[in-house]
Amino acid sequence: NTLNRICKITDPDILKLYDFGVGENKYQGKYCFEIQDYACGGDLFSVDNFKIKYTKNFIEKQVIPEIFNGIKTLHERKIFHCDLKPQNIFFLDKNQTDLVIGDYGSAKSNDLDQEQDLRKTSTVKGTETYLAPEQPRGIISEKNDYYSFGMVLVHLLYPELLGQDSDFKKIDRNKYSRIIERQVSSQPLIHYNQDFDRINNLIQGLTLYNHQNRFGRKELESWLRGEKIEVKYRDIEQVFTPINLSKSRSIKTISELLNFLETQQDWYEELIEDETSKKELFRWLDQVKGKDDRINVSNIIDTYSIEDA
């Protein structure tokens with residue numbers, strides 16, 4: 001159904017899809033296929049030199065508006081790409097200036113008359129580096145594609161902070177792990193170059209862990225008009241009813257919890273072995289992170305002993 005809908009799209013920033021085969025219509029009965037326009041310039045990785053090609057001006061004037069228009073076109077038809085990455089964004093021309101979105105193998109769609117823009121799915125596809133944090137849990141919305149868009153911009157503008165030193169196209173697992181650690185701790189993903197201030201603002205908003213605060217169409221349209229949009233990291237640090245510990249100490253925010261775990265040698269005894277404090281922790285997690293994360297923490301505690309910890 002999704003691919004049939006994409007076949008009807010004619011847009012300058014969407015790689016035209018003419019035909020496809022799935023199920024009984026596979027090529028030679030074995031292979032799924034998509035027949036699309038030929039992108040003469042290859043994908044975003046088909047460039048001779050990242051630093052020479054992906055300048056601040058080219059990204060701001062070409063990459064961002066054209067990819068955004070492609071995403072917007074899909075979303076207006078209730079289609080979510082779900083696997084935006086440099087290998088699925090192409091140059092239609094040999095001069096590598098005209099960008100289009102293609103490769104729809106992971107795309108999903110909602111009914112056109114459905115008002116709700118968020119859906120649940122049990123089938124998760126995508127590429128880890130560019131995958132929105134909520135997507136592996138089966139949550140699909142327009143914010144998934146915007147997160148992927150942000151990570152693509154990180155890779156193009158800061159290839160040395162994500163790619164391997166010997167080959168920017170390949171992900172350095174250690175660099176990527178540090179980015180994720182910073183992200184879940186409500187910090188900026190990387191140390192941004194102030195020369196790219198406007199694009200940095202966009203990247204920060206697109207790659208927020210909390211999809212409710214993440215930039216979407218409205219924020220991108222404002223950004224393209226020259227506005228600087230507030231990045232709401234602080235909402236994750238919202239103060240809830242604190243965890244009251246046995247030694248007249250309390251924990252109010254995620255940062256305070258992390259600091260407690262890192263600096264207090266008796267953290268396990270006070271927070272986990274004390275049943276009252278543990279109940280306080282679970283109550284607080286329900287408020288701050290939600291039931292799923294609280295269950296995950298409970299499972300970790302049940303699985304690992306103090307010696308393992």
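Predicted model: local features only at pLDDT ≥ 70, side-chain atom pairs only at ≥ 80, totals over all residues.
Residues are numbered from 1 along each chain as its sequence is written, and side-chain values rest on heavy atoms, with hydrogens and water left out.

## The chain as a whole

The protein chain has 11 helices and 10 strands, where helices (H or I, at least four residues) and strands (E, at least two) are DSSP runs numbered from the N terminus. Of its 309 residues, 47% are buried; buried means under 20% relative accessible area, exposed means over 50%, and partly exposed lies in between, with a 1.4 Å probe and protein chains only. Among contacts (heavy atoms within 4.5 Å) between residues at least 6 apart in sequence, 60% join residues at least 24 apart. The accessible surface of the protein chain comes to about 16,500 Å², and 45% of this belongs to carbon and sulfur atoms, with areas taken from the Shrake-Rupley method with a 1.4 Å probe, for which only the protein chains shown count as cover for residues.

## Aromatic rings

The structure holds 8 aromatic pairs. Rings of Phe, Tyr and Trp (its six-membered ring) pair if their centres lie within 6.5 Å, and planes under 30 degrees apart count as stacked, over 60 as edge-to-face and the rest as tilted. The pair of F50 and Y54 is edge-to-face, because the ring centres are 5.6 Å apart and the planes stand at 65 degrees. Both F50 and Y54 are buried. A tilted pair is formed by F68 and Y146, with 6.4 Å from centre to centre and 40 degrees between the planes. Since F68 lies in helix α3 (residues 56-76) and Y146 in helix α4 (residues 142-157), this pair ties together parts that are 78 residues apart in sequence. F68 and Y146 are likewise buried. Ring pairs also link F45, F50, Y54, F58 and F168 into a cluster.

Charged side chains lie over the faces of two further rings, listed below; a charge sits over a ring if NZ of Lys or CZ of Arg is within 6 Å of the ring centre and within 35 degrees of the ring normal.

| Charged residue | Ring | Distance from the ring centre |
|---|---|---|
| K53 | F91 | 5.4 Å |
| R198 | W223 | 3.8 Å |

Helix α4 has 16 residues and reaches 23 Å from its first C-alpha to its last, close to the 22 Å expected at 1.5 Å a residue, the expected span being 1.5 Å times one less than the number of residues. Because 15 of the 16 residues of α4 are buried, this helix is largely enclosed by the rest of the structure.

Helix α10 has 14 residues, which should span 20 Å at 1.5 Å a residue, and its end C-alpha atoms are 20 Å apart, which agrees. Its buried residues include F282, W284, L285 and V288, and the elements that cover the buried residues of α10 include β9 (243-244), β10 (250-251), α8 (254-263), α9 (267-273) and α11 (291-303).

F282 in α10 counts as buried, at 19% relative accessibility. Not counting residues up to four places away in sequence, F282 touches R294, V297, S298 and I301. The C-alpha atoms of F282 and R294 are separated by 6.1 Å, with the two residues 12 apart along the chain.

D286, which is found in helix α10 (residues 275-288), counts as partly exposed at 34% relative accessibility. Leaving aside neighbours within four places in sequence, D286 is in contact with K291 and R294.

## Cysteines and positive phi angles

A disulfide is taken as a pair of cysteine sulfur atoms within 2.5 Å, and by this rule the count comes to 0 disulfides. C7 counts as buried at 19% relative accessibility, and C82 is buried with a relative accessible area of 3%.

Most residues other than glycine have a negative phi. C82, although not a glycine, has a positive phi of about 70 degrees, and its place is in the loop between β3 (79-80) and β4 (89-91). Q28, also not a glycine, has a positive phi of about 55 degrees and lies in the loop between β1 (17-21) and β2 (33-36). At 56% relative accessibility, Q28 counts as exposed.
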